[in-house]
Amino acid sequence: MLTLSAFQAKYQKMPVEIYPNQTTSKKPIVTVCVFAYNHENYIAQCLDGVLMQQTDFDFVIYVGEDESTDSTRAICKEYADRYPEKIQLFLHDKRNKTIFNGRPCGKFNFMYLMLSVKTPYIALCDGDDYWTDPTKLQKQINFLQQNSDYSLCFHDAHIQYDATISEERSSDHMPFAANKSITKRDLFHVNYIPTISTVSRYYPEALEEYIMNLAFADWPMHLYSLSCGKGYYIHESMAVYRKHQSSLWATQSRIYILDQVLNAMSSIDQHFATSWKDKLALQKGFSEHFFKLILFEREASGRRAALSRFKKGLQQTHFFLLSHLFLFGAKRLRHRVRMLF
């Protein structure tokens with residue numbers, strides 16, 4: 001298990017400034033982790049959505065501010081001054097940023113905040129998203145406290161494209177019935193769970209170092225939770241997830257995103273596919289993403305580039321051909337390959 005001190009020893013170049021707050025005798029049971037970087041237009045609404053929560057228990061808000069180039073840090077300090085009994089602000093130094101695929105990323109901020117949690121439950125909210133239901137936390141904690149065999153609870157979230165809220169909810173893409181239980185195998189194809197919607201039991205063991213090499217930190221964390229218990233899906237929209245041009249994935253190509261999905265699935269295979277049924281379920285999803293990637297590569301760079309990527313993919317995934325033959329049959333596999341090349 002990765003500890004905060006071990007993480008600091010390896011990745012921290014400059015000390016993290018912990019903004020002074022007011023210590024109280026209350027013992028929170030939930031930590032809400034907020035990750036903020038260049039969110040000056042959004043962070044106030046994010047924090048207001050957390051602060052408005054009506055609960056019969058105490059919770060604390062950990063805000064990790066990643067040395068923004070806009071006024072996000074000043075706004076976070078203002079909120080920490082106004083709510084010193086509720087907000088613990090962590091001010092990061094840009095020299096601690098780690099590099100992912102050649103560009104600085106917020107993984108240090110994420111891992112530092114998560115490894116600092118001391119409560120039995122945790123909720124997540126990026127600084128450009130926000131909660132809309134003041135009873136969200138209470139509903140989810142009530143469920144988890146009353147159902148010890150569940151480790152994770154999540155719900156719908158509206159998607160907001162810039163200034164316009166779309167009525168398309170993330171649940172429209174979920175393979176789950178309303179108010180249903182799920183297992184880790186439900187997440188092997190893709191991470192359907194909106195991170196902004198989750199409340200889970202806190203498992204520090206989930207925070208392993210391999211996450212530093214993945215584009216998606218929430219996916220393996222959800223899977224770890226679902227390895228410890230079931231997940232419960234509430235068919236209510238209680239948050240808004242923003243998609244805008246300055247967000248991390250807005251400018252990325254479909255090829256890049258699928259590359260990162262396949263990379264994450266390789267790690268998921270190592271850490272969470274513990275049975276042959278798990279592996280077959282995972283490889284079914286892997287094969288679908290893999291063929292989409294080859295198709296996009298062919299459209300972008302031609303057949304030769306697609307063939308090169310296809311061969312490289314086969315070399316990297318020893319289980320791929322066997323599982324694809326088992327799942328889809330030789331005829332369909334040949335048909336797919338002919339379509340591509």
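This is a predicted model: local features need pLDDT of at least 70, side-chain atom pairs count only at pLDDT 80 or more; totals for chains, interfaces and linings use all residues.
## Helices α2 and α3

Start with a pair of helices. Helix α2 covers residues 43-51, and helix α3 covers residues 72-82. Their axes come within 10 Å and cross at roughly 25°. Angles under 35 degrees count as roughly parallel. Helices α2 and α3 are therefore roughly parallel to each other. The crossing of α2 past α3 is right-handed.

Which residues make the contact? On the α2 side they are Ile43, Ala44, Leu47, Asp48 and Leu51. On the α3 side they are Thr72, Ile75, Cys76 and Tyr79. Sorted by class, the contact of α2 with α3 has 7 nonpolar residues, 1 polar and 1 charged.

Arg82 forms a salt bridge with Glu78. Their closest N and O atoms are 3.6 Å apart. Both residues lie in α3, 4 residues apart, which is about one turn of the helix. An α-helix has 3.6 residues a turn, so residues three or four places apart point the same way.

## Helix α4, under cover

Helix α4 runs over residues 107-115. How many of its residues are buried? The count is 9 of 9, and the helix is mostly covered. The buried residues are Lys107, Phe108, Asn109, Phe110, Met111, Tyr112, Leu113, Met114 and Leu115.

Ser267 sits in helix α7, residues 254-272. Its relative accessibility is 13%, so Ser267 counts as buried, the cut-off being under 20%. What does Ser267 touch beyond its neighbours within four places in sequence? Its contacts there are Tyr210 and Leu214.

Ala306 belongs to helix α9, residues 303-316. At 0% relative accessibility, Ala306 is counted as buried. Ala306 and Ile294 are 12 residues apart in sequence. In space, their C-alpha atoms are 5.4 Å apart.

## Asp278 and its two partners

Side chains of opposite charge can pair when their charged atoms come close. The structure holds 12 salt bridges. Two of them involve Asp278.

One partner is Lys184. The side chains of Asp278 and Lys184 meet in a salt bridge at 3.3 Å, N to O. Asp278 lies in helix α8 (residues 276-301), and Lys184 in the loop between β11 (180-182) and β12 (199-201), so the pair ties together parts that are 94 residues apart in sequence. Asp278 and Lys184 are both buried. For Asp278, the relative accessibility is 3%.

The other partner is Arg185. Arg185 and Asp278 form a salt bridge with their closest N and O atoms 2.9 Å apart. Arg185 lies in the loop between β11 and β12, while Asp278 is in α8, so this pair ties together parts that are 93 residues apart in sequence. Arg185 is partly exposed, with a relative accessible area of 38%.

## A salt-bridge network

Some charged residues join in a network. Which ones are linked? Asp133, Lys139 and Glu236 are connected through a network of salt bridges.

How values were computed: Residues are numbered from 1 along each chain as its sequence is written. Side-chain values use heavy atoms; hydrogens and water are left out. Axes are lines fitted to C-alpha atoms, for helices over the stretch in contact, and angles run from 0 to 180 degrees between N-to-C directions. Helices (H or I, at least four residues) and strands (E, at least two) are DSSP runs, numbered from the N terminus. Angles under 35 degrees count as roughly parallel, over 145 as roughly antiparallel, 65 to 115 as roughly perpendicular and the rest as oblique. A crossing is left-handed if the near helix is turned anticlockwise from the far one by less than a right angle, and right-handed if clockwise. Contact means heavy atoms within 4.5 Å. Ala, Val, Leu, Ile, Met, Phe, Trp, Tyr, Cys and Pro count as nonpolar, Asp, Glu, Lys and Arg as charged, and the others, Gly among them, as polar. Buried means under 20% relative accessible area, exposed over 50%, partly exposed in between (1.4 Å probe, protein chains only). A salt bridge is a side-chain nitrogen of Lys or Arg within 4 Å of a carboxyl oxygen of Asp or Glu.
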